[in-house]
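Please open the structure in your viewer and keep the selection tool at hand.

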Amino acid sequence: RSLQRQAPLLGAHRRRFRAMTSGLCVAVDGARSGLGGLGAICTEKRGQAAGLHYETKLPRAGTTTPWPMLLFLHGAGERGSPTGEDLHRVKQHGPWKGPGAEQFFIVAPQCPTSIVWPALVDELAALVQHLLGEYILDERRLYVTGLSLGGFGAWALANARPSMFAAAVPICGAFTPAQPRDMGLSALLSLAKNPVEAKAVQRLMQLPAWLFHGVKDKTVDVAGSRNVFEALGGEKRGEDVLRITLYEDGGHHIWGGVYRMPELYTWLLSHRSKAKARKGRADGPRPGRGRPPANMPGAISELFGYIGAVAAGDDGDDGGGDDAGSGPVFKLPDVGDAEDVAPGTCRSLSEFLSKSRAMELKIRQAHPMWRPRPAGAGVASHRP
């Protein structure tokens, strides 16, 4: 919290700062840092945006930014209350523990009980945009997957925003465009038996997709995947961009085995969209001075190296960043010993938290925006 209070001082760097402080959650890995199994405490976070409650899981410690993102849309049985009180349902199934999924920033919104995913494509797109503003995510590596009802939702969202995603993985779903909010679940599921014309999926022709379905599925007819696969060009497109896996003896609940396939995540990461990369350095903030000791969590080291660089006068931006023009830029004042918080000088978490508090006090004393104001004084225009 003490660190996050410094975010206003970083001005145009606040987005990077938030992402790196989020990285602290991933970095505290008990096996590597000797801090006693704290690694699972805060790698997951809940939030609400665009009218949707959602659960996120950060990539494993040390994953280079910008992160690839995997949007997971759950099935009908995991829908929940608009209050988010049963948000835990979104973790009952999905890619959470898949071998290879730890490379992704995973987000799973929850669909309200009375609605279906294809009626929420605008909200889902707005959620993705919100997350792009909250974390350092790679806009060229955004992926969408869903099971059952979520498979319908994945197709609907990709069709509505074909340039947003680099690849899609619909599981036991069927193609549908966006639907009105009064579309019922039974009516939606019945669409799986309808033929799909090539012109209906024209917007999806450039999107790589891997479809999965059980041939004996009695909930969503296997024709839902077969028809859209053929409409998109079928086998002649090549498995690199379009493939379908059918389980001859599989029913509806095939997703557990799908999300445990390491090759699924390898295939996803082999695709990138043509979205414009973010301005500035793709590898995130510059490292600080020195070399972190082995027991220093990587993201903590990166964070303090960044703060040290800014304190030393390096603004960490090559110009034209996506926060340009959002407000005045405040640089940390010269407090004389910025190198004290460089990663190479801190031997433990407690040591560098102690040094950070000392640095904070000096910043408050040196920077006019933190000086106490006389009673009754107005708030300065630049004060956050």
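Select helix H4 (residues 149–160) in this predicted model. Helix H4 lies across strand E3 (67–73), strand E5 (137–147), E6 and E7, and runs at about 140° to E5. Helices (H or I, at least four residues) and strands (E, at least two) are DSSP runs, numbered from the N terminus. Axes are lines fitted to C-alpha atoms, for helices over the stretch in contact (heavy atoms within 4.5 Å), and angles run from 0 to 180 degrees between N-to-C directions.

Next, display the sheet. Its 8 strands follow the order E1-E2-E4-E3-E5-E6-E7-E8, in an open sheet with mixed pairing. Two strands pair if DSSP finds at least two bridges between them.

Now select strands E6 (residues 167–171) and E7 (residues 209–214), which run parallel and are joined by 2 bridges. Ala168 has Ala209 in E7 as its bridge partner.

Finally, select Phe212, which lies in strand E7.

Residues are numbered from 1 along each chain as its sequence is written. Local features need pLDDT of at least 70, side-chain atom pairs count only at pLDDT 80 or more, totals for chains, interfaces and linings use all residues, and side-chain values use heavy atoms, with hydrogens and water left out.
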